[in-house]
Amino acid sequence: MKYEIGPIRPPSEAQSLLIRVTRGCHWNKCKFCGLYKNCKFSMRSQKDILEDIKRAREVYKNRRFTSCFLQDSDAFVLSTNKLLPIVEAIKSEFPEIKYITSYARADRVKRCGAKSSVLWYGIRK
């Protein structure tokens, strides 16, 4: 049984559970990143994401993760109402997870009022 995983994650997330919440990048204008230039941005449905979290638990039934990285780009593009059930499902299926991380733009984090100890960001020109 498989679930959908995106093409990239930060090197420090090599041992993290990967959950794809978007495809591509909503901004897609950063000069330092060409990864998503040929990829149309879309948000995955909450239903598909929640199913993937359950599938990931089946795939990794004997593995304990300490962190989860939300892929592809900025997961905070999802509304708080859509993001919170995803976070709750991750914590329910993987109660050992201590950190949930994501790439993020500063304006999105501010909008959400997110309190996170790890966010990945790039500086754009």
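Start with helix α2, which has 14 residues and spans 20 Å from its first C-alpha to its last, close to the 20 Å expected at 1.5 Å a residue. Keep in mind that this is a predicted model. Which residues of α2 are buried? They are Leu83, Ile86, Ala89 and Ile90. These four cover an arc of only 125 degrees around the axis, so they sit on the same side of α2. On the other side of α2 you find Asn81, Glu88 and Ser92, which are exposed. The cover over the buried residues of α2 includes β1, α1, β4 and β5.

Now the other helix I want to show, α1. It too has 14 residues, and α1 reaches 20 Å between its first and last C-alpha, close to the 20 Å expected at 1.5 Å a residue. Its buried residues are Ile49, Asp52, Ile53, Ala56 and Arg57. Viewed down the axis of α1, they fall within an arc of 145 degrees, and therefore line one face of the helix. Lys47 and Lys54, on the other side of α1, are exposed. What do the buried residues of α1 pack against? The answer is β1 and α2.

Leaving out residues up to four places away in sequence, Leu70 touches Ile19, Val21, Ala75, Leu83, Ile90, Ile100, Thr101 and Ser102.

Next, the strands around α2. β4, covering residues 67-71, and β5, covering residues 99-103, run parallel and are joined by four bridges. In one of the pairs, Ser67 has Tyr99 of β5 as its bridge partner. Together β4, α2, residues 80-93, and β5 form a β-α-β unit, and the unit is right-handed.

Two places in the loops are worth a look. Asp72 belongs to the loop between β4 and α2.

The other is Thr66, in the loop between α1 and β4. Is Thr66 buried or partly exposed? Thr66 has a relative accessible area of 49%, so it counts as partly exposed, the exposed class being over 50%. Neighbours within four places in sequence aside, Thr66 is in contact with Glu96, Ile97, Lys98 and Tyr99. Pro95 is 29 residues from Thr66 in sequence, and the two are 9.1 Å apart in space, C-alpha to C-alpha.

Last, the chain as a whole. There are three helices and six strands, and along the sequence they follow the pattern β-β-β-α-β-α-β-α-β. Of the 125 residues in the chain, 37% are buried. Of the contacts between residues at least 6 apart in sequence, 73% join residues at least 24 apart.

That is what I have.

Note on methods
Residues numbered from 1 in each chain as written. Predicted model: local features only at pLDDT ≥ 70, side-chain atom pairs only at ≥ 80, totals over all residues. Heavy atoms only, no water. Pairing = 2+ DSSP bridges. Right-handed = clockwise from strand over helix to strand, strands pointing away. Contact = heavy atoms within 4.5 Å. Expected span 1.5 Å × (residues − 1). Buried < 20%, exposed > 50% of the residue type's maximum accessible area, 1.4 Å probe, protein only. Arc of directions from axis to C-beta.
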